[in-house]
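Me: Hi! Could you walk me through this structure while I look at it?

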Amino acid sequence: MPHRQGDRVEYRDEMNQKQTGVIQDVQGSGQQARYTVENLETQRQEQVREQQIERDLD
């Protein structure tokens with residue numbers, strides 16, 4: 001399922017911990033997509049691959 005800028009998502013960070021964030025930018029598409037996600041807890045931006053995104057949040 002494609003994710004878009006502004007989507008709230010649950011994802012796994014580099015330490016394999018579940019995090020929540022908002023997609024700020026999308027590069028590429030499909031399984032090659034990479035996202036810039038602003039972590040809702042730390043307000044830091046992280047680079048996230050498609051495979052790291054667990055699910056969309058409402």
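**Sheet, loops and one alanine**

Me: Before we start, what should I know about the model?
Reply: This is a predicted model, where local features need pLDDT of at least 70, side-chain atom pairs count only at pLDDT 80 or more, and totals for chains, interfaces and linings use all residues. Residues are numbered from 1 along each chain as its sequence is written, and side-chain values use heavy atoms, with hydrogens and water left out.

Me: Great. Which strand is joined to β5, and by how many bridges?
Reply: That's β1: 4 bridges join β1 to β5 (residues 53-57), and the two run antiparallel. Strands here are DSSP runs (E, at least two residues), numbered from the N terminus, and two of them pair if DSSP finds at least two bridges between them.

Me: Which residues face each other there?
Reply: Val9 has Asp56 in β5 as its bridge partner, and Tyr11 stands opposite Ile53 in β5.

Me: And how does β1 pair with β2?
Reply: β1 (residues 8-12) and β2 (residues 18-27) pair in the antiparallel sense, over 5 bridges. Glu10, for instance, has Thr20 in β2 as its bridge partner. The two strands form a hairpin with 5 residues between them.

Me: In what order do the strands sit in the sheet?
Reply: The order is β4-β3-β2-β1-β5, an open sheet of 5 strands with antiparallel pairing. Its edge strands are β4 (45-49) and β5, each of which pairs on one side only. On average, neighbouring strands of this sheet are turned by 45 degrees against each other, direction ignored. The axes behind that are lines fitted to C-alpha atoms, with angles running from 0 to 180 degrees between N-to-C directions.

Me: OK, and Gln43, where is that?
Reply: Gln43 is in the loop between β3 (34-39) and β4. Gln43 is not a glycine either, yet has a positive phi of about 60 degrees.

Me: Last one: is Ala33 buried or exposed?
Reply: Ala33 counts as buried because its relative accessibility is 3%. Buried means under 20% relative accessible area, exposed over 50%, and partly exposed in between (1.4 Å probe, protein chains only). Ala33 lies in the loop between β2 and β3.

Me: What does Ala33 touch?
Reply: Leaving out residues up to four places away in sequence, Ala33 touches Gln27, Gly28, Val48, Arg49 and Glu50. Contact means heavy atoms within 4.5 Å.
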